[in-house]
Amino acid sequence: MTKLSRMTKMNALPGTPRWATLAAHAVPLIVLPSGLWRLALTLGLPVAEADDRGVGQLTYQVVLTVVAELLAFLTLGLVRCWGEVFPRRLPFVGGRPVSTVGATTAALCGAFGLVALAGWFTYAAYAGLGQGAAGTHTDGPVQEVLLYVCYLPLLAWAPLLAAVAVAYHRRRTGRYDVRAVGRPAASSCV
């Protein structure tokens, strides 16, 4: 195995479909541009015009960025061993198996919540809600294109999360196509 192939190898549990591994690794990357856009706005870069630049607004933007990226990274747990057994360093639950139903339900609820948010923001944009209100708005076509380029990838978050969650559930409950994935090996996490 060459050095480059070792560096680009995506670690996943045996029996995880390759597409699910790629999708799980893509989620944090598709959330990143919107976070960088918010951080640029927080730092005062000319990505948009912000009316209220108080400490509360700046804190909100940083916290939202960090929380969104952390939630996106949780998708990796659906293809990694920490999605099967809680890490030992966690108090109370360390070393215990992760509930398949619990993890799948949480992931699918998250995907549904993302679809609901996308639907609401689409409705608000087309209905003209918030137009002319105080807040953040773009000044010109360059800022508007940058906003779309940074935020449109978020539309892929919900379907990718739902697909990885279904693959996780199928892998953990033994409901998968053996011919497509191969025989699952014993988990290295136990």
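Reading helix packing in a predicted model

Biologist: How are two packed helices described, and at what angle do helix 2 and helix 6 cross here?

Modeller: Two packed helices are described by the angle between their axes and by the distance between those axes. In this predicted model, the axes of helix 2 (residues 18-42) and helix 6 (residues 157-173) cross at roughly 150° and come within 9 Å. Their crossing is left-handed.

Biologist: Which residues of helix 2 and helix 6 meet?

Modeller: From helix 2, the residues are Trp19, Ala20, Ala23, Ala24, Ala26, Val27, Ile30 and Val31; they meet Trp157, Leu160, Ala163, Val164 and Ala167 of helix 6. By class, this contact has 13 nonpolar residues, with no polar and no charged ones.

Biologist: Which residues of helix 4 are buried, and against which helix do they pack?

Modeller: Buried means under 20% relative accessible area. In helix 4 the buried residues are Thr100, Ala103, Thr104, Ala107, Ala111 and Ala124, and they pack against helix 6. Helix 4 (residues 100-127) reaches 40 Å from its first C-alpha to its last, close to the 40 Å expected. Just after this helix, Gly128 takes a positive phi of about 80°.

Biologist: How many residues form the largest nonpolar core, and which have the most contacts inside it?

Modeller: The largest nonpolar core has 19 residues, and those with the most contacts inside it are Val31, Leu78, Trp157, Leu161 and Val164. Helix 2, helix 3 (55-73), helix 4 and helix 6 each give two or more residues to this core. Leu161 touches several residues, including Leu78, Ala107 and Ala111. Apart from this core lies another, of 7 residues, among them Trp37 and Cys150.

Note on methods: Residues are numbered from 1 along each chain as its sequence is written. This is a predicted model: local features need pLDDT of at least 70, side-chain atom pairs count only at pLDDT 80 or more; totals for chains, interfaces and linings use all residues. Side-chain values use heavy atoms; hydrogens and water are left out. Axes are lines fitted to C-alpha atoms, for helices over the stretch in contact, and angles run from 0 to 180 degrees between N-to-C directions. Helices (H or I, at least four residues) and strands (E, at least two) are DSSP runs, numbered from the N terminus. A crossing is left-handed if the near helix is turned anticlockwise from the far one by less than a right angle, and right-handed if clockwise. Contact means heavy atoms within 4.5 Å. Ala, Val, Leu, Ile, Met, Phe, Trp, Tyr, Cys and Pro count as nonpolar, Asp, Glu, Lys and Arg as charged, and the others, Gly among them, as polar. The expected span of a helix is 1.5 Å times one less than its number of residues. Buried means under 20% relative accessible area, exposed over 50%, partly exposed in between (1.4 Å probe, protein chains only). A nonpolar core is a set of buried Ala, Val, Leu, Ile, Met, Phe, Trp, Tyr and Cys residues joined through side-chain atoms within 4.5 Å. Lists of a residue's contacts leave out its neighbours within four places in sequence.
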